[in-house]
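Good morning, and thank you for joining this meeting. Please look at the sequence and the structure on the screen, and I shall then take you through several of the residues and helix contacts.

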Amino acid sequence: MPTALVTGATSGIGWAYARRLAHQGFDLVLVARDGPRLEGRAEELAVYGVGTEVLVADLADREQLRSVEVRLSDPARPVDWLVSGAGFGLATPFGETDVRDEERLLDVLVRAVVVLTKAALPGMVERGGGTVVTVSSVAGFLRRGTYSAAKAYATAFTEGLVEELRGTGVRVQALCPGLTRTEFHARSGDDVDRIPGWVWLDVDQVVEGSLRDLGRGRVVSVPGWQYAALPAFTRAVPPSLLRRIRR
Ligand SMILES: NC(=O)c1ccc[n+]([C@@H]2O[C@H](COP(=O)([O-])OP(=O)(O)OC[C@H]3O[C@@H](n4cnc5c(N)ncnc54)[C@H](OP(=O)(O)O)[C@@H]3O)[C@@H](O)[C@H]2O)c1
């Protein structure tokens, strides 16, 4: 059985991806901070008859991140898919945030993504196949705040790997969802009550879009018709106009 390691597997997009890969017959390594909840998720996956492993780790903590890195690079237990789904946002403007929260955000959205991708790739290349999906965001196209900058990094980092991996059989993807119904907004304290329903994506729709785009060889995946034109639009519009539209 192929094995997938999914970070952020307790909730939202990470959990939806884990469920979907289990449905396809993957054994799963589930990573997040909340141990009891992860155990519950592992039990839920039992219906698919796949193997599950729980790895409790705060990806903002270097030592705990190291345990995930070690698991990913263990040649005795190869990991065929890495889904970096862990993440969170900060609802307040940069001027009002605590710098330690900013650092944690960079640790999880940037450092952990780089470290875990680095740990996963050599084995995949050696075995001649593998998939790395990094959950980025359409926020990365909008250049607004540290969250947006971190997501722009994740997307650029992924796109930059494509040439290097050509011919190895390893696929990479930056999955860039728009607003998606998960715990993300409640956790970050975002006020989303007035955002109209048609803007929202469903987690299964996001995972479906990602898998479809992997099949098509699309490196940057933007699920949902609502967001399809956003990357081209943000590239075409002058930055000053983009700032006015955002306001
Ligand atoms: N929802 C949206 O509108 C949206 C849109 C675009 C992109 N995204 C991106 O999608 C990704 C997943 O978010 P989501 O919407 O699925 O949110 P979510 O429902 O809040 O899930 C976030 C997951 O990340 C885990 N996590 C958070 N901090 C962690 C840490 N320090 N170490 C380890 N795990 C951590 C959480 O588990 P524990 O609390 O158990 O650790 C949880 O499993 C994020 O990168 C987010 O930026 C979300």
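This is a predicted model: local features need pLDDT of at least 70, side-chain atom pairs count only at pLDDT 80 or more; totals for chains, interfaces and linings use all residues.

Glutamine 173 is in contact with Val132, Val133, Thr134, Thr158, Ser210, Asp213, Leu214, Arg218, Val219 and Ser221, once its neighbours within four places in sequence are left aside. Glutamine 173 belongs to strand S6, which covers residues 170–175. Is this residue buried or exposed? Its relative accessibility is 0%, so glutamine 173 counts as buried, the cut-off for that class being under 20%. Its side chain makes a polar contact of 2.6 Å with the side chain of serine 210.

Threonine 131 is part of strand S5, residues 130–135. With a relative accessibility of 3%, threonine 131 also falls under the 20% cut-off and therefore counts as buried. Which residues does threonine 131 contact, leaving aside its neighbours within four places in sequence? They are Asp80, Trp81, Leu82, Met124, Arg171 and Leu214. With one of these, arginine 171, there is a polar contact between side chains, at 3.0 Å.

Let me now turn to the packing of helices. In general, two packed helices are described by the angle between their axes and the distance between the axes.

I begin with helix H1, residues 12–23, and helix H7, residues 203–216. Their axes lie 9 Å apart, and the packing angle is about 60 degrees. H1 and H7 are therefore oblique to each other, and H1 passes H7 in a right-handed crossing. On the H1 side, the contact is made by Gly12, Ile13, Ala16, Tyr17, Arg19 and Arg20. On the H7 side, the residues are Val203, Asp204, Val206, Val207, Glu208, Ser210, Leu211 and Leu214. Sorted by class, the contact of H1 with H7 has eight nonpolar, two polar and four charged residues. Serine 210, listed here for H7, is the residue whose side chain makes the polar contact with glutamine 173.

Glutamine 205 also lies in helix H7. Its relative accessible area is 31%, so glutamine 205 is classed as partly exposed. How far apart are glutamine 205 and isoleucine 13, C-alpha to C-alpha? The distance in space is 9.8 Å, while in sequence they are 192 residues apart. Leaving aside neighbours within four places in sequence, glutamine 205 is in contact with Pro223 and Gly224.

The next pair is helix H3, residues 62–72, with helix H4, residues 99–127. They pack at an angle of about 25 degrees, and their axes are 8 Å apart. Because angles under 35 degrees count as roughly parallel, H3 and H4 are placed in that class. The crossing of H3 over H4 is right-handed. H3 contributes Arg62, Leu65, Val68, Glu69 and Leu72 to the contact, and H4 contributes Arg111, Ala112, Val115, Leu116, Ala119 and Ala120. These residues divide into eight nonpolar, no polar and three charged.

Helix H4 packs with H5 as well. Here the angle is about 15 degrees, with the axes 9 Å apart. H4 and H5 are therefore roughly parallel to each other, and their crossing is right-handed. Among the residues that make the contact are Glu102, Leu105 and Leu106 of H4, and Thr146, Tyr147 and Ala150 of H5. By class, the contact of H4 with H5 divides into 14 nonpolar, two polar and two charged residues.

Glutamate 102 leads us to threonine 97, for the side chains of these two residues are joined by a polar contact of 2.6 Å. Threonine 97 is located in the loop between strand S4, residues 81–84, and H4. At 18% relative accessibility, threonine 97 counts as buried. Its side chain also reaches the backbone oxygen of phenylalanine 94, at 3.0 Å. Not counting residues up to four places away in sequence, threonine 97 touches Leu90, Thr92 and Glu102.

I close with one backbone angle. Most residues other than glycine have a negative phi. Arginine 143, in the loop between S5 and helix H5, has a positive phi, near 50 degrees.

Definitions and conventions
Residues are numbered from 1 along each chain as its sequence is written. Side-chain values use heavy atoms; hydrogens and water are left out. Axes are lines fitted to C-alpha atoms, for helices over the stretch in contact, and angles run from 0 to 180 degrees between N-to-C directions. Helices (H or I, at least four residues) and strands (E, at least two) are DSSP runs, numbered from the N terminus. Angles under 35 degrees count as roughly parallel, over 145 as roughly antiparallel, 65 to 115 as roughly perpendicular and the rest as oblique. A crossing is left-handed if the near helix is turned anticlockwise from the far one by less than a right angle, and right-handed if clockwise. Contact means heavy atoms within 4.5 Å. Ala, Val, Leu, Ile, Met, Phe, Trp, Tyr, Cys and Pro count as nonpolar, Asp, Glu, Lys and Arg as charged, and the others, Gly among them, as polar. Buried means under 20% relative accessible area, exposed over 50%, partly exposed in between (1.4 Å probe, protein chains only). A polar contact is a pair of N or O atoms within 3.5 Å; within protein, one must be able to donate a hydrogen and the other to accept it, and residues adjacent in sequence count only if both atoms are side-chain atoms.
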